[in-house]
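Hi,

Here is the structure I promised to pass on to you. Have a look at it first, and then read my notes below.

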Amino acid sequence: MADKPLEKTLDAEWLATQLQDRSMRGIAIETAAMIRSGVIEIGTHLPAVRELAQALGVSPATVSAAWGQLRRQKVIAGRGRNGVWVCGDMLSPRPARFEKIGNFGEHIIADLALSSPDPALLPDLREAMQHGVGADNLNSYQREAIAPSLLEAARQDWPYDAPAFMSADGGFDGMNLTLQTLLMQGSVVAIEDPTATRLLDMLDNLGAQVIPVKCDEFGPTPESLSLALSKNPSAFIYQPRTHSHCGHAMNAERYAELAEILRHTNTLIIEDDGIGQLSRYAPVSMGSVLPDRTVHVRSYSKAYGPDLRLAVISGSTDLIKQIKSFRNFGAGWSSRILQEALAWLIKDSKTQESIAHAKAVYAQRRKSMSDALRIRGVNIPERDGLAMWIPVPSEQFALVTLAARGIAVLPGERSRIGPGQFIRISTSQIKPEKVDLIADAIVLALGA
């Protein structure tokens, strides 16, 4: 390989001599190798797309696509007039939005950033695990889509008579398997705005062109969905009952409106039931009217325990077959021990009583927070779920103001696609004695 040029902006002719494979994939791989080895340093500006394309004798679209691949891997950044530069040398794709949610330090007195269940309200797993080790076919390498006992238990309240089922290692694993299998790189995808942070990371990893679908108190609005579908997206992704961020849910009228709109398209429908049984609403799915192109993913983690790492996916026989085949690149199947344990929990009356109790406690905690804010002149709908979505004049000001008082929240920019300023606060683990302190800080964060 030739000596590296000294200037910080790479010479197009020099870079062209280093690239032997002139395909999109080859340009991306070989450039990545030079970045990883340090031949191209972090901070270096890459040649303009047209300039490099001319030097390579390829179309600008080929170079642009190669840069797009490196951009998705967070190795390069920038575009347009400002140019493109090397911003990192870690070449593996990673969930950038989700990784920003972490430890906020020892001075945090209320970590409201992660919307997760209260461990004290989750079912006791000891007896369930004893039943789990009695699973049929234990220690077999047979790639079983879903354990018969879990299939039987899940069907009890599944929202439609689905043709095929399989298990996955948690809700986001189920969504990732579905997206990786059924969507091509660069697909156009319509999705609720806001949505789950990790879903946006998954779509980033696919290089998807994301079209936001606006929501109101009853979920995706018909007008916004119609507009999004006019762009012929490959898939529409939404949360069919309690929304993990905003707490809204579809009513029967909205369901019928959306179903009628979707009926006249070929768009794949992917449903993320992430709250699962903690929702106060009955399960619902477009699979009831459009079973051939609906994939429904239900997570059991928030209701039954994150360490069970289980979700159930339903869809047409063909779609589930495709997802199962893709999964054979990795684990192939979910632990039969965990599936048997979950099946037992779903059928156990004491477990169901504990889940009903947990839902009541979460509702009370949301109401306490909502009431405290209302007293202070801030009206936020109670709705449902484990969190509240609060509009603010400035996300940055709100984050700094709250952090200064020891309160960590999720900035809306991690979860939204379109404009707006918001924060999301988790209400699932708020202690009663901290409600007033948090409400006072939120009022200050609003600049009120």
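By class, eight of the residues that line the largest cavity are nonpolar, none is polar and one is charged. Here Ala, Val, Leu, Ile, Met, Phe, Trp, Tyr, Cys and Pro count as nonpolar, Asp, Glu, Lys and Arg as charged, and the others, Gly among them, as polar. The lining is made up of Pro 117, Leu 121, Leu 122, Leu 278, Lys 302, Ala 303, Ile 355, Ala 358 and Tyr 362. Two elements, H12 and helix H15 (349-375), each give two or more of these residues, and H15 gives the most, with three. Helices (H or I, at least four residues) and strands (E, at least two) are DSSP runs, numbered from the N terminus.

The volume of this cavity is about 30 Å³, and the structure holds one cavity of 30 Å³ or more. Cavities and pockets are found on a 1 Å grid over the protein atoms alone: a cavity is a set of points where a 1.4 Å probe fits but cannot get out, while a pocket is an open set with protein on both sides within 12 Å along at least five of seven lines, and lining residues have an atom within 4 Å of a point. Grid points are joined across faces, edges and corners, and a volume is the space filled by probe spheres set on the points.

Before you go further, please keep in mind that this is a predicted model, where local features need pLDDT of at least 70 and side-chain atom pairs count only at pLDDT 80 or more, while totals for chains, interfaces and linings use all residues. Residues are numbered from 1 along each chain as its sequence is written, and side-chain values use heavy atoms, with hydrogens and water left out.

Now the domains. The chain is assigned domain 1 (12-86), domain 2 (96-116 + 351-446) and domain 3 (126-347); such bounds come from an automatic or database domain assignment. Between the C-alpha centres of domain 1 and domain 2 there are 42 Å. The cavity lining takes at least three residues from each of domain 2 and domain 3.

The largest one has a volume of about 620 Å³, and among its 27 lining residues Leu 114, Ser 115, Phe 172, Arg 198 and Lys 302 are the closest to its centre. Helix H8 (171-182), helix H9 (197-205) and helix H12 (301-304) each supply at least two lining residues, with the largest share, three residues, coming from H8. Its lining divides into nine nonpolar, 11 polar and seven charged residues.

The second largest pocket has a volume of about 530 Å³. Of its 25 lining residues, Asp 193, Pro 194, Lys 214, Cys 215 and Phe 422 lie nearest its centre. Strand E7 gives the largest share of that lining, five residues, and the classes are 15 nonpolar, three polar and seven charged.

Look for Ser 279 in the loop between strand E10 (268-273) and strand E11 (294-299). Leaving aside neighbours within four places in sequence, Ser 279 is in contact (heavy atoms within 4.5 Å) with Arg 241, Thr 242, Lys 359 and Asp 384.

Enjoy exploring!
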